[in-house]
Amino acid sequence: MKKLHDEKEHQLWMDSLLRKARILEHNFPVKGESGWLPYGFSIAHDLIKIFESSFEKIGFSEIGLPTFVKGEIFLEQCKQIKDFSGRVYWSSPFEKDDYHVVKPTIEAQISKLFGLWTGQGKELPYKYYTCRSVGRYETGRTIPLWKERNVWPFFEAHSAHHNNKDFLETINQEAEILKTVLTELNIPVFIIQRPKIGKRLKEYSERRVEAISITPYRGVTILSSIYDLGEIFSKVYEIKSERGEYYPMVNFAFSGRLLGTVFSVNCDQFGLKLPLCIAPFAARITTINSGSADQAKYATKIKNSLERNGITADTDFSDQSFKKRIDFTKRQGIPLIILIGKDEVIGRKVTILRRDTGERVVVSEKQFVEKTKSALDGYHRNLITLKEQLIENLYTKWVV
Amino acid sequence: MNFNYPLEYSYYFEPKEIKKIKRGAGLVFDTLSNYGFARVSLPFLVSPSLVNPTLDHYRSGNLIKAFPGGNRSKHAYLSPYMLFTQAIPLIRLPMQSYKNFPLSLFTLGPSYKRLHKSSKNPFMQTEEIFSVQGGIFFLEEPSSIKEQNNTLDSALSEIMNSFESKYKKISAKMFYKSESVIFKNKDETFLAGYHFLPYEYLSGFDLKVKNSKNRFVGINLISFSISQNLFLL
């Protein structure tokens, strides 16, 4: 079995896998850019919808923000809080010599808007999220999903609060969302408040709560951050009451790095093993003999039956060899492969193959929906077991 | 579109507008999907090498540059409307097979066009935050321009009808001897449009693939765009 604990080796293997599985293509003429192919887009979109729904449940709404941030608004953040003006893209979209920044993060942009609103008397709290592409001028080596110049998905939630209770409750709610979602994604995760260890941390935020994970190659990675911004940005952008009291703010974000970790943890030498919550299809139905009209017809009937019972499925009737089709489906990490061949058509059966264990079971047409649900449940529980074994391995085998 | 925003010539969308846009976009996605289009996500920073071969397509002053770290000796472009240049790297993949064509893709994302005069007209902006752009890439041989044209025309007409807009359809010879078809609202607001770009015009992009006889053939493109104006009707 291929050892996956060397970071560089793992990264090269993963880059190749994401391409071969038709998830992500990073061969773009601008360094640090990736295009998400339809299957990959579907995975990312499912993840985004989970977070959107979770944030809406705690009172956030989606806002649509433009690309350009006025240079002087952005530079206020750089001068007074943290300067990263050399790591963004500048542009002159309106007049020849105007200067604007291409959206790098939400803080300056939305804080200025919040300041406008408080000045106009709009009632708090303000709780908004957005998911979009942002531009970051990263220097050095870029890595798909981990370090890119065109970052998508980039999910941010930003809020301003009228009292301390609401402010603290929001931080806790966001941490709870992280815990719930990352558990569903089957990632080993620790959600902790980072101690202040240096001046730099204090400049940007009062404290931060981070979701930290460990990859199979023992890389420690920050999946998401919740920043207690306190009054830091409010003082710069005049987000205050009529009496001059500054309102505290919270910022939350995650990017494609989170998916990078999901992929790294949930894979084996054959490819991905996608958690059910983001798998575009729970099952792929493949005919054993390509070109067989009978097998294709029966497979379509099986697919329709699965979909009527709430199980997402697609079919593969391509003219590639059977082995290539199976290998491709394994790479894509689809939880179940349902095989339809001559025996299955004649005997009105289906063969269910689990992606995680390789276990095959032959069931009758009458029973297959129930058996499929059972197989999916087994798949889900087994992924959790494998994750726990990974954690155990990382805890007890420090030198490999 | 809310112009109460701390940047001139710019706007933002409030939550209730986002819901309206997403409802409309959802209708569009369903229709496109029924016609065989697949959704992708593509970079909004586009290399000059993907735009320069078609600079006669735009007035170069209409394109917006982005300078990395403020360094004006290098630049990328912010993705322009209507040509779907962002997708071309996907078409040029080494693993691309003639069997994958026609390849019909679309994306939802911003598109940019510099206006030489600032305008408070809500339907004339430098940026569309929610623009649907797409295209059908298909082989020169066997040529099926009419078939692909009809597919796209049917899809866009169906979309226009589902919004119950009183649109009008205009044909104009705009780009490289081929016709553009534009859907406009009764008040002349641009809603959607498409045009055919043959391989000959796109030859600067080296869009070729081996056919079943192991011979290189060129790839044509019918490019389309659907404006956020449609979702705001």
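**Group meeting: a predicted two-chain model**

In chain A, the axes of helix α2 (residues 38–57) and helix α8 (residues 256–265) come within 11 Å and cross at roughly 115 degrees. The axes are lines fitted to C-alpha atoms, for helices over the stretch in contact, and the angles run from 0 to 180 degrees between N-to-C directions. Helices here are DSSP runs of H or I with at least four residues, strands are DSSP runs of E with at least two, and both are numbered from the N terminus.

Before I go on, the background. This is a predicted model, where local features need pLDDT of at least 70 and side-chain atom pairs count only at pLDDT 80 or more, while totals for chains, interfaces and linings use all residues. Residues are numbered from 1 along each chain as its sequence is written, chains are lettered from A and ligands numbered from 1 in the order in which they are written, and side-chain values use heavy atoms, with hydrogens and water left out.

Back to the helix pair. The crossing of α2(A) and α8(A) is right-handed; the term is used when the near helix is turned clockwise from the far one by less than a right angle, and left-handed when the turn is anticlockwise. Which residues make the contact between α2(A) and α8(A)? From α2(A) they are A:I43, A:A44, A:L47 and A:F51, and from α8(A) they are A:L258, A:L259 and A:F263. Contact means heavy atoms within 4.5 Å. By type, the residues of this contact are seven nonpolar, no polar and no charged. For that count, Ala, Val, Leu, Ile, Met, Phe, Trp, Tyr, Cys and Pro are nonpolar, Asp, Glu, Lys and Arg are charged, and the others, Gly among them, are polar.

Helix α8(A) is largely enclosed by the rest of the structure, because nine of its ten residues are buried. Buried means under 20% relative accessible area, exposed means over 50%, and partly exposed is in between, with a 1.4 Å probe and protein chains only. The buried residues of α8(A) include A:G256, A:T261 and A:V265.

Now chain A as a whole. It has twelve helices and 19 strands. Its C-alpha atoms fill a box of roughly 80 × 50 × 45 Å along the principal axes. Of the 400 residues in chain A, 58% are buried. Among its contacts between residues at least 6 apart in sequence, 67% join residues at least 24 apart. The accessible surface of chain A is about 17,200 Å², with 49% belonging to carbon and sulfur atoms. Accessible areas come from the Shrake-Rupley method with a 1.4 Å probe, and for residues only the protein chains shown count as cover.

A:W13 sits in helix α1 (residues 7–20) and is buried, at 15% relative accessible area. From A:W13 to A:D314 there are 301 residues in sequence and 27 Å in space, C-alpha to C-alpha.

A:S85 lies in the loop between α3 (71–80) and β5 (89–91). Is A:S85 buried or exposed? A:S85 is buried, with a relative accessible area of 19%. Apart from neighbours within four places in sequence, A:S85 is in contact with A:F74, A:L75, A:C78 and A:W90, and also with B:G69.

Then the backbone. Most residues other than glycine have a negative phi, and most peptide bonds are trans. A cis peptide bond joins A:L124 and A:P125, with omega about 5 degrees; A:P125 is in the loop between α4 (107–119) and β7 (126–135). The bond from A:W152 to A:P153 is also cis, with omega near -5 degrees, and A:P153 is in strand β8 (residues 150–160).

A:N186 is in the loop between α5 (164–184) and β9 (189–194) and is buried, at 4% relative accessibility. A:E238 is in the loop between α7 (232–237) and β12 (249–255) and is partly exposed, at 37%.

Last, chain B. It has four helices and eleven strands. Chain B is as compact as a globular protein of its 233 residues, because its radius of gyration is 18 Å, close to the 17 Å from the globule rule. That radius is taken over C-alpha atoms, and the rule is 2.2 Å times the number of residues to the power 0.38. The C-alpha atoms of chain B fill a box of roughly 60 × 50 × 30 Å along the principal axes, and 58% of its residues are buried.
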